[in-house]
Amino acid sequence: MVVVEDLHVVYRVYGSNSDRGTAASALLRLIKRQRRPSIREVHAIRGMSFVAYRGDAVGVIGRNGSGKSTLLRAVAGLLPAEQGAVYTDGNAALLGVNAALLEDLTGERNVVLGCLAMGMTKQETMDAKPRIVDFSGVGDFINLPMKAYSTGMGSRLRFAIASAKSHDILLVDEALATGDAEFQRKSHDRIDELRQQAGTVFLVAHQLSEIYETCNRVIWLEKGKIVKAGDDVPGILDDYLVAAGSEPRFRELAAARVE
Amino acid sequence: MSNHGRLSAPGRLSGAAEGDGGAGTATEERPADNHLVPPGSLRDLALQHGLKQTAIVPPLRSYVVDIWQRRHFISGFATASNIAMYTEARLGQLWQVLTPLLNAGVYYLIFGLLLGTSRGVPDYVSFLVTGVFVFNFTQRTFITCSTVIRETLPLIRALPFPRGCLPLGYVLIELQQLVLSIAVLFVIVVIAGEPVTPYWLFIIPVLILQSIFNVGCGFILARWGASIDDVSQLLPFIVRTWMYTSGVIFSLQTLTLTFTGKLHRYPTLAYLLQINPAAVYITLVRWALLAEYRDALPGAKPFNHARCVLYRTFPGNPKYVSYSAYCHPSTLPSIPSLWVWGAGWAVVAVIIGFLFFWRAEARYGRG
C-alpha cells in the first residue's frame with residue numbers, strides 16, 4: 001500500500017547555461033563569494049496526493065518531463081520530499097531504463113548480487129538463480145559482462161532479478177518497453193502474479209496499450225500535477241489521447257471486450 | 001509533515017474534462033480530477049495501516065541489523081568487483097601485486113638511491129616496501145570509497161538495501177588486495193635477509209585495527225564524495241601529502257633524533273606526526289615484521305649516552321646505524337603507546353564514520 005500526501009519534490013541541478021563553465025568564471029565566483037549560480041531548482045512534483053492499495057497496478061501517464069519518473073523515485077524512497085510525505089508498507093524496487101546494475105560484472109554475478117542485496121539468503125539466492133536466468137531469456141549471454149548486453153536484454157535481466165522477490169511495491173519505469181513481444185507477455189503475467197501476492201505495482205509507459213492491459217488504475221500527470229486519476233482506465237487513457245491530439249480508442253476497446 | 005495543504009477535491013464526477021481537447025489542457029487553476037484520494041487525513045490513513053514514511057533515516061539499530069543480514073552481499077560484491085577490476089588488463093589479477101611493487105621500486109630509485117633518504121635506517125629496502133604496502137591499503141581505501149556512491153548509482157537506484165554495505169564492500173576489496181600484498185611482502189623481506197619470527201603474528205592485529213580505521217574513514221569519505229565531487233579531485237593530493245608526513249619513505253625517528261634532522265627542533269610536531277594513524281599502523285607493522293628495525297628502535301636497548309650521540313651525529317654511517325636503540329628520547333612514542341593510539345584511532349574513526357554515513361542514508365542516490 002502506498003499513501004502519497006501533498007508531495008512536492010524539488011531537484012537541484014548543477015551546471016545550467018548561466019555558467020560558462022570555464023576555470024576563470026569558477027575563480028571569479030569564488031572571489032565574489034557567490035554560491036554556485038549554476039544551481040537551478042526544478043520543481044518536478046507540485047503537490048500530489050493519492051492512495052494505492054495492495055493488489056493495485058497503477059499506470060502513470062503523461063508527456064515527457066511531466067514528473068512520472070520523479071514520482072516513481074519518490075515512492076521508491078530515493079528522493080526526499082521537499083514537502084508532504086510518501087508512506088509505504090515495505091520495500092520498493094524500482095526498475096528504470098538503465099540497462100545494467102553493475103555493468104562490468106557478468107549477468108550471472110549481477111543476478112547473485114541483486115538477490116543478496118534484496119536481502120535473500122545465500123540458499124534462497126542459489127535456488128532463485130536458475131529461475132531468474134530462465135525468465136530473463138538472455139541464454140548464453142549470462143556469462144558475459146552486462147555492458148555487452150543489448151538494451152532489451154539488460155532490462156529483461158533487471159526485471160527478472162527485481163521481480164524474483166515478491167516486493168511490497170514494484171515500480172516499473174519504461175523498463176518493459178525495450179523487450180520483445182514474448183517478454184512483454186511474460187512480464188505482464190509476472191506483474192499480475194505480483195499483484196496477486198498483494199503487492200502494489202506502478203507502471204510508467206508511453207505505450208498506452210501496455211497500461212490498458214496491465215493496470216486497474218491510472219494517474220495522468222501534467223507539469224508535476226495530477227490532471228486525472230481513478231479506476232476508469234479506458235476513460236482516462238482516451239482523455240489523455242484527446243488532449244495529445246490523437247484519436248481515442250480505449251473506450252471502444254473496453255466496450256468490445258465486455259461484449 | 002503538513003497534512004493541511006491538500007487541495008484535491010474528492011467526490012467529483014468522472015468525465016468532467018472530457019472533450020476539452022487540445023494539448024496542455026492542464027491549467028493551474030482547475031482542481032485535479034482525482035478519484036484516488038479517500039476522504040479524511042491521508043497521514044492518519046497511512047498510520048492506521050501501519051505504513052512508514054519513506055526517504056527518512058532508518059533507526060540505528062535496525063540499520064545495523066540490516067547491514068549484518070546483507071553480509072553475504074558485501075562479500076559477494078567485493079569479490080565480484082575485485083575480479084571485474086582487472087578483466088580488461090592482459091596481466092589480470094597480477095596487477096594487484098605489480099602495482100605496489102612498481103610503486104616501491106620507483107620510491108626506492110628516487111628516495112633510496114638518488115636522494116639518499118635511506119640514511120639512518122637499517123635494511124632500507126624492507127623498511128620502504130613495508131611502508132608503501134601498508135600505506136597503500138589506506139590510500140586506496142580512501143580514494144575508492146570517495147567514489148563508491150557515484151560508481152554504484154544504478155544499483156542504488158534499482159534495489160533497496162542499506163547503503164552502508166557499499167563502503168564496507170570497497171574496504172573488503174582493498175583488504176583482499178592487502179592480503180596478497182602482504183604475501184608478496186613476506187617474500188621480499190625474507191629475500192632481503194629478515195628472519196621469520198613469532199613477532200610476525202602481531203601483523204594480524206595491526207591490520208585488523210587498520211581495517212577498522214579504514215572502514216570508519218571510508219564511511220566519511222563515501223558521504224562526502226556522494227554530495228561533493230570536488231572531494232575525489234582533491235583527495236589524491238591530500239593522501240600524497242599524508243604519505244610524505246607519515247614516514248613511509250623516510251624514517252620519522254631519524255628526522256627527529258639526528259642533529260641534522262629536519263624535525264630535530266620541533267619535538268611537538270614530530271610527536272604529532274608519529275601518532276597520526278598512518279604512521280602508527282606503519283610503525284607497528286615494521287616493528288612486527290623487521291627484526292633489525294625492531295632492535296634499532298629508540299629505547300630498545302639500555303640507555304647509552306655515547307652511542308646515542310654517535311648515532312645522532314653520524315646517522316649515515318652503517319657502523320652506527322643501529323645505535324639509535326641506545327637513545328631514550330621523550331619525543332618518540334613507545335611501542336605500547338602506539339598500540340593504544342592505533343586502537344583509539346580505529347574505534348573513534350569507525351564510530352564517527354558509521355554515524356556520519358547513517359545520518360545521510362536517505363540522501364544517497366538522489367539528484
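**A walk through the sheet, from strand E8 of chain A**

Strand E8 spans residues 217-222 of chain A, and 6 of its 6 residues are buried. In a regular strand the side chains alternate between the two faces of the sheet.

Some housekeeping before we go on. This is a predicted model, in which local features need pLDDT of at least 70 and side-chain atom pairs count only at pLDDT 80 or more, while totals for chains, interfaces and linings use all residues. Residues are numbered from 1 along each chain as its sequence is written, and chains are lettered from A and ligands numbered from 1 in the order in which they are written. The labels H and E stand for DSSP runs numbered from the N terminus: helices are H or I with at least four residues, and strands are E with at least two.

Now, who sits beside E8(A)? On one side, strand E3 (residues 57-61) of chain A runs parallel to E8(A), with 4 bridges joining them. Two strands count as paired if DSSP finds at least two bridges between them. Look for A:Gly59, whose bridge partner in E8(A) is A:Val218. E8(A) also pairs with strand E9 (residues 225-230) of chain A, this time in the antiparallel sense over 5 bridges. Here A:Leu221 stands opposite A:Ile226.

The hairpin of E8(A) and E9(A) has 2 residues between the strands. A:Lys223 lies in that loop and has a positive phi of about 50° although it is not a glycine. Is A:Lys223 buried or partly exposed? With 18 other C-beta atoms within 10 Å, A:Lys223 is partly exposed. Compare A:Asp6, in strand E1 (residues 2-13) of chain A, which has a positive phi near 40° and is not a glycine either. A:Asp6 counts as buried because it has 21 C-beta neighbours inside 10 Å.

Let's zoom out to the sheet. In what order do the 7 strands come? They form an open, mixed sheet that reads E5(A)-E6(A)-E7(A)-E3(A)-E8(A)-E9(A)-E1(B). Its edge strands are E5 (92-95) of chain A and E1 (33-34) of chain B, each pairing on one side only. Helix H8 (residues 233-243) of chain A packs on the sheet, touching E3, E8 and E9 of chain A, and its direction makes about 20° with that of E8(A). For that angle, axes are lines fitted to C-alpha atoms, for helices over the stretch in contact, and angles run from 0 to 180 degrees between N-to-C directions.

Along the other part of the sheet, E3(A) runs parallel to strand E7 (residues 200-204) of chain A through 4 bridges, and A:Ala57 stands opposite A:Val201. E7(A) is also parallel to E6(A), with 5 bridges; there A:Ile169 has A:Thr200 as its bridge partner. Strand E6 (residues 169-173) of chain A has 5 of its 5 residues buried. E5(A) and E6(A) pair in the parallel sense over 4 bridges, with A:Leu95 opposite A:Val172.

What about the core? A nonpolar core is a set of buried Ala, Val, Leu, Ile, Met, Phe, Trp, Tyr and Cys residues joined through C-beta atoms within 7 Å. The largest one has 174 residues, and A:Val75, A:Leu171, A:Leu203, A:Val218 and A:Ile219 touch the most other members. Helix H9 (residues 203-227) of chain B gives this core its largest share, 12 residues. Not counting residues up to four places away in sequence, A:Val218 touches several residues, including A:Gly59, A:Ile61 and A:Leu237.

Finally, the two chains together. The contact takes 62 residues from chain A and 55 from chain B, where residues are in contact if their C-beta atoms, placed from the backbone, lie within 7 Å. As for chain B itself, it has 16 helices and 2 strands, and 43% of its 367 residues are buried.

Technical notes
A residue is buried if 20 or more other C-beta atoms lie within 10 Å of its own, exposed if 12 or fewer, and partly exposed in between; C-beta atoms are placed from the backbone. Two residues are in contact if their C-beta atoms, placed from the backbone, lie within 7 Å.
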